[in-house]
Amino acid sequence: MSCQEVHGTRRRSPTDVAYDLMISILLGVEDLADTRFAISPIHEAVLSLRVLREPGLYALHLPWRRSVLGRLDAPGADLLMSLVGPDRCVPDFLTPRPASFAATFEDELATVRRTPPDVVRRDVLAVYPRGGLPAVFQEITADGDETVLALRDAICDRLHRYWQAAIKPTWPQMRLVLEADTTYRARQLAVGGARLLFADIHPNLRWQDGVLHIDKMIGRHHVAAAGRGLLLVPSIFSHRPAPPVSPDEPPMLAYPCRGVATLWAPTPTADATAVTSLLGAPRARLLHLLAEPLPTVEIARRLTVTPSAVSQHLQVLHATGLITRARDGRHVLYRRSPLGDQVVGQSAKQ
């Protein structure tokens with residue numbers, strides 16, 4: 001599932017002809033019943049390398065790209081950038097089939113570390129089908145698996161550091177967007193079956209007579225799911241549907257996730273009057289006050305109200321996640337949560 005994107009607005013070159021091909025997946029009744037979703041952090045890390053390599057083709061992710069460039073070490077980045085081929089392909093072994101709905105990056109990286117040397121060699125060479133292999137990969141064409149295994153381990157080490165610097169800081173937000181997509185797609189499947197599920201994933205995807213067609217691919221083959229089901233993997237950094245390149249792999253489809261445009265958008269500025277209208281004046285004043293941890297009695301003193309009145313408002317704000325609480329000796333301290341900070345936003349400065 002490494003090669004998937006050629007933008008229609010770009011001038012066609014002779015190498016683009018291969019993208020006119022199609023991959024088809026035959027899905028029986030049992031396969032549709034076994035259609036499921038998974039979220040893959042290693043897919044996002046690997047596919048994001050293309051954004052760093054060719055920023056002009058991925059304008060939507062430019063805010064993310066600008067935020068991570070300064071955190072990358074040059075030697076490691078050079079090796080990772082070499083994994084993106086001239087057709088924006090990456091080696092298939094770096095995007096293994098997710099083993100669970102939400103595997104950790106470490107678990108998926110462990111799978112990559114177990115890739116046999118012949119598969120590593122095959123997949124790296126497939127990224128450069130017309131030659132021009134970068135110097136860092138030249139030695140894998142020679143005999144001997146030790147060199148290939150050393151390269152595989154070096155890639156994994158660099159990829160782990162890249163995950164820590166570039167993806168992990170924003171992974172919680174990414175995961176929320178991905179999970180929201182799976183919830184939407186699952187509802188589409190429940191309400192309208194396969195036809196509705198595949199209707200709005202991407203224009204290159206067609207569902208017809210029990211066969212899922214993926215157009216504009218680099219290969220042409222027909223795969224029968226044959227009871228293996230279909231695994232759907234939403235992706236932040238994918239722009240086209242991407243099944244496995246090899247027809248021998250179990251049916252899987254990575255596809256562009258909904259709501260990506262909201263991921264890097266700046267947080268809207270809160271308005272003080274709007275916060276008051278939403279919460280009411282007493283709770284809005286209380287939320288503004290709790291920029292620092294305070295006990296109930298101190299809050300009551302500052303607001304010149306009774307502790308019981310304060311407690312009622314604190315219960316509501318805590319139940320909605322706008323404040324947190326923690327015990328400190330005999331006192332319970334209350335403070336604004338990250339969500340509460342977002343609600344208050346810039347209104348605290350106005």
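Which residue in E7 stands opposite Leu 231? Leu 231 faces Met 252 of that strand. The model is predicted, so local features need pLDDT of at least 70 and side-chain atom pairs count only at pLDDT 80 or more, while totals for chains, interfaces and linings use all residues. Residues are numbered from 1 along each chain as its sequence is written, and side-chain values use heavy atoms, with hydrogens and water left out.

**Sheet**

- Three strands form an open sheet in the order E2-E6-E7, with parallel pairing; strands (E, at least two residues) and helices (H or I, at least four) are DSSP runs, numbered from the N terminus.
- Strand E2 (35-37) and strand E7 (252-256) are the edges, each pairing on one side only; a pair requires at least two bridges found by DSSP.
- On average, neighbouring strands of this sheet are turned by 25 degrees against each other, direction ignored.
- Strand E6 (residues 230-235) and E7 run parallel and are joined by 5 bridges.
- H9 lies across E2, E6 and E7, at about 135 degrees to E6. Angles run from 0 to 180 degrees between N-to-C directions, and axes are lines fitted to C-alpha atoms, for helices over the stretch in contact.

**Nonpolar cores**

- The largest nonpolar core has 50 residues; such a core is a set of buried Ala, Val, Leu, Ile, Met, Phe, Trp, Tyr and Cys residues joined through side-chain atoms within 4.5 Å.
- Among the residues with the most contacts inside this core are Trp 64, Phe 137 and Met 174.
- H8 (145-167) and H9 (171-199) are among the helices that each supply at least two residues of this core, and H8 gives the largest share, 9 residues.
- Apart from this core lies another of 18 residues, including Leu 279 and Val 344.
- Met 174 touches (heavy atoms within 4.5 Å) Trp 64, Ile 167, Ile 236, Phe 237, Leu 263 and Trp 264, leaving aside residues up to four places away in sequence.

**Helix pair H12 and H13**

- H12 (residues 296-303) and H13 (residues 307-319) pack at about 110 degrees, with axes 9 Å apart.
- The two helices are therefore roughly perpendicular, a class covering 65 to 115 degrees.
- Thr 296, Ile 299 and Ala 300 of H12 meet Pro 307, Val 310, Ser 311 and Leu 314 of H13.

**Arg 88**

- Arg 88 sits in the loop between helix H5 (74-81) and helix H6 (105-113).
- Its relative accessibility is 4%, so Arg 88 counts as buried (under 20% relative accessible area, 1.4 Å probe, protein chains only).
- Arg 88 and Arg 53 are 35 residues apart in sequence and 8.8 Å apart in space, C-alpha to C-alpha.

Terms used: Angles under 35 degrees count as roughly parallel, over 145 as roughly antiparallel, 65 to 115 as roughly perpendicular and the rest as oblique.
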